Amino acid sequence: MKLFDVYPLFNITPVKAQGSWLWDEKGEKYLDLYGGHAVISIGHSHPHYVKSLSDQLAKIAFYSNSVQNDLQAKFAEKLGKISGYEDYQLFLCNSGAEANENALKLASFVTGRKKVIAFKKAFHGRTSGAVAATDNPKIVAPFNAGHEIVFVPFNDETAFSQALDRDVAAVIIEGIQGVGGIQVPDDSFLKFLEKKCAANGSLLILDEIQSGYGRTGKFFAHQFAGIRPHLITTAKGMGNGFPIGGLFIHPDIKPWSGMLGTTFGGNYLASVAGLAVLEVMEKENLIRNAATIGTYWLDKLATFPAITGLRGRGLMIGFDVPETLKHVRQDLLFKHHIFTGEAKPNTIRLLPSLAMTKDEADLFLTALNKELQ
Ligand SMILES: Cc1ncc(COP(=O)(O)O)c(C=O)c1O
């Protein structure tokens, strides 16, 4: 069977990884400043993570959510403490899109409404339809049975107020837009959304799938604005490569049996991977490291005359290169062996491991400086 050819692939085959580094089958070494779409949070193949997963695999890998799972409870407790959301409830699933689907569905269940406000250039995932095609009225929310999504410009209070009406179940916004090119919402805009949603009986959903998990120097990017959304979605860095998604749910939202569900969500391996990530983040002070190295990078990049629109927080950074230099990403990869990300047409996205060192940060600055001459 051939693979369905949907991905533009680099002709590189990684076979080994450690920390911020990848090796291909020819033994060539690459600096990874992209982490496979912001997934590698604690660094590739961290020994504590590898041991935790191997030990668990030898005991029990999976059983369904029909039995008690102490590992899931332990993971939820630690996640609540580290994130500052101890009073929230956690629903575990397998990916970012699934976390967002559940958030939208939950908002619709709670409000009985089906309209959603999202923002221009937003990216929240690639799924649709599975619930709508399910013949069980108990798990189909009004949203799933037919909905309206309105896209309004980012950071635009007037446009938002015009779109907000009594039909709005939820407002969904990224902590920092990732695929849309690293757009940071104003703290005042997030505060405004929180206030407007509360007054309108709509739920505010913060998609922290790319911007969360310590990447910005706080656990979640929205914590810079001091808001507390009704629902927060997370995935990517949560499992450092093991597929996990999560939904943080406000304490006022009450569950009923069967309201949400999934086969694999929160399984033993996923819970252990999640726990190991948090343990390493805590032990190695990775959120502080993300803030420190991120500020260092931002300060240095600000001195490069060829780049414009430098933006981001911590280790979620974007900047634009001139049209004539839009091959820079390819040159960084093929001449300097440095993986970066992009947002089309000419934005470079940096999403390295939160454990990146200053020396690794400097390797990138030196290579970029050379390519921008
Ligand atoms: C902000 C955001 N939300 C949701 C998703 C979807 O996550 P997944 O690919 O795990 O379904 C992504 C993926 O890039 C994302 O960046």
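**Sheet, hairpin and domains**

Reply: Start with the open sheet: 4 strands in the order S1-S2-S3-S13, with mixed pairing. S1 and strand S13 (338-339) are at the edges with a single partner strand each, so one side of each has no neighbour in the sheet. This is a predicted model, where local features need pLDDT of at least 70 and side-chain atom pairs count only at pLDDT 80 or more, while totals for chains, interfaces and linings use all residues. Residues are numbered from 1 along each chain as its sequence is written, and side-chain values use heavy atoms, leaving out hydrogens and water.

Me: What makes S1 and S2 strands that pair?

Reply: Strands are DSSP runs (E, at least two residues; helices are H or I, at least four), numbered from the N terminus. Two strands pair if DSSP finds at least two bridges between them. S1 (residues 14-18) and S2 (residues 21-24) have 4 bridges in the antiparallel sense, so they pass that test. For one of these, alanine 17 has leucine 22 in S2 as its bridge partner. The hairpin has 2 residues between the strands, and glycine 19 there takes a positive phi near 60°.

Me: How do you know where domain 1 and domain 2 are?

Reply: The bounds come from an automatic or database domain assignment. It gives domain 1 as 14-29 + 285-371 and domain 2 as 49-283. Their C-alpha centres lie 27 Å apart.

Me: What makes residues of domain 1 and domain 2 count as in contact?

Reply: Heavy atoms within 4.5 Å. On that rule, 19 residues of domain 1 touch 24 of domain 2. The area buried between the domains is about 1,700 Å², with 62% from carbon and sulfur atoms; buried area means the accessible area (1.4 Å probe) that two parts lose on being put together, summed over both. Of the area that domain 1 buries against domain 2, Ile287, Arg313 and Met316 supply 44%, more than any other three residues.

Me: Why is the link between aspartate 187 and arginine 313 called a salt bridge?

Reply: The rule asks for a side-chain nitrogen of Lys or Arg within 4 Å of a carboxyl oxygen of Asp or Glu. In this pair the closest N and O atoms are 3.5 Å apart, so aspartate 187 and arginine 313 qualify. Across the interface of domain 1 and domain 2, the rule finds 1 salt bridge.
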